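Open the model in your viewer and keep the selection tool ready.

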Amino acid sequence: MTDTADHDGTGPTTEEAAAPTPRERRIAAWRNAPRVLARLGFLAPLKERLALLEAAGEAYDLDETADIYGNGVVEALERRVADLLGTEAAAFFPTGTMAQQVALRCWAGRTGNPAVALHPLSHPEVYERNAFSQVSGLRPVHFANEPRLPTAEEVRDLPEPFGALMLELPLRDAGFVLPTWDELTEVTEAARERDAVVHFDGARLWECTEHFGKSLEEIAGLADSVYVSFYKSLDAYGGAALAGPASLIEEARTWRHRYGGAVFQQFPTALSALIGLDRELPRLPEYVRHARVVAAALREGLEEGGLPFFRVHPEVPHTYDFQVWLPYETEFVAETAIRAGEETGRMLFANHWDPKGPGLTFTEVYVRAAALEWTADDVREAAADFARRLTGA
């Protein structure tokens, strides 16, 4: 018996057992590639993540005492968010899941109706394990299943009363899509015609200003309350904020404590969020504009490479994230993307691929600061090479 086999001689060798998983290979290829469209902080090694705090002194006075249960730097972050969104107050939460449950629970108590109207592709329905109903006593009410935000007519015609309308901006699982400004305004007006409040799931609200052509304050002003994330757009360590009327936020702080969100100290996360507001927030419109260049060049390159069918969705991205759909099995496409990154040093598709039916798969493409180094020709060339790898041309 050798040390490379199981006791019956049929098991994997040590070399096989130690082989990296596709996810590990993908992340390694992404880290090692000189050219990527986004270098997402949460996938970086710990030493790089810790290095983010080297700029903390530029964002906050480090001679101040560290926070205890939400004072100090956490309060400073809350004031900053409230000022940016034009609301009376804001409260820091460790997670967006908690922030939104608390917000909608508070609104249910005020409206007397626990029903929340939202899209079935919204984050609470897809990723939160029925938390609304299982934890907060709320009852989801769905609009039609079309991959877009609801229309004003659909809000008016919903066949049962609801206390709150929740809109995810952008709607991630539909392709990071947004309505037009007029459509959004009409939808919020339709909800209030039915005596409902409006809550924005604005995890990525920071990146919506370019599409709407409006300020953050103008966008948030359409809602009664808004949740924003600090890590999805701003590259912070985590955390979220709930913003709205002072009376609502005061009640939300009580429920935050009850939900276990009154964390003793959160200064690393709060500092990273302040750094993100200083560094990343001003650049987000530029990323959105470049994402449109990347998406157009991707379409041209995939067509040039001879793909029989593909879809870049939306064709003109609403934010700086979008989807790419391909007519191949998921494992084949994922392996092709990893090999392309390993062999060329250009990681065009660094995210995972998910099946969406027989012989159909899709991925999300993220465009951040690293993508600004890519010209349209660079993207087109990389996309054409990837397409030829898929087709064997």
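Buried means under 20% relative accessible area, exposed over 50%, and partly exposed in between, with a 1.4 Å probe and protein chains only. This is a predicted model, where local features need pLDDT of at least 70 and side-chain atom pairs count only at pLDDT 80 or more, while totals for chains, interfaces and linings use all residues. Residues are numbered from 1 along each chain as its sequence is written, and side-chain values use heavy atoms, leaving out hydrogens and water.

**Salt bridges**

A salt bridge here is a side-chain nitrogen of Lys or Arg within 4 Å of a carboxyl oxygen of Asp or Glu. The whole structure holds 26 of them.

Select D235 and R49. Their side chains form a salt bridge, 3.6 Å from N to O. D235 sits in the loop between strand 7 (225-229) and strand 8 (240-244) and R49 in helix 3 (residues 46-51), so the pair ties together parts 186 residues apart in sequence. Helices (H or I, at least four residues) and strands (E, at least two) are DSSP runs, numbered from the N terminus. D235 is partly exposed at 29% relative accessibility. R49 is buried at 13%.

Next, pick R110 and E251. Their closest N and O atoms are 3.0 Å apart in a salt bridge. R110 is in helix 6 (residues 96-111) and E251 in helix 13, 141 residues apart.

Now go to D385 and R389, a salt bridge at 2.9 Å, N to O. They are 4 residues apart in helix 17 (residues 376-391), about one helical turn.

**Aromatic rings**

Rings of Phe, Tyr and Trp (its six-membered ring) pair if their centres lie within 6.5 Å; planes under 30 degrees apart are stacked, over 60 edge-to-face, the rest tilted. The search finds 11 aromatic pairs. Select Y287 and Y320: centres 5.9 Å apart, planes at 70°, so edge-to-face. Both are buried. Then take Y328 and F332, a tilted pair with 5.7 Å between centres and 55° between planes. Y328 is buried at 16% relative accessibility, whereas F332 is partly exposed at 38%. Finish with F349, W353 and F386, which form one aromatic cluster.

**Last stop**

Which loop holds F264? F264 is in the loop between helix 13 (246-258) and helix 14 (267-279). At 44% relative accessibility, F264 is partly exposed.
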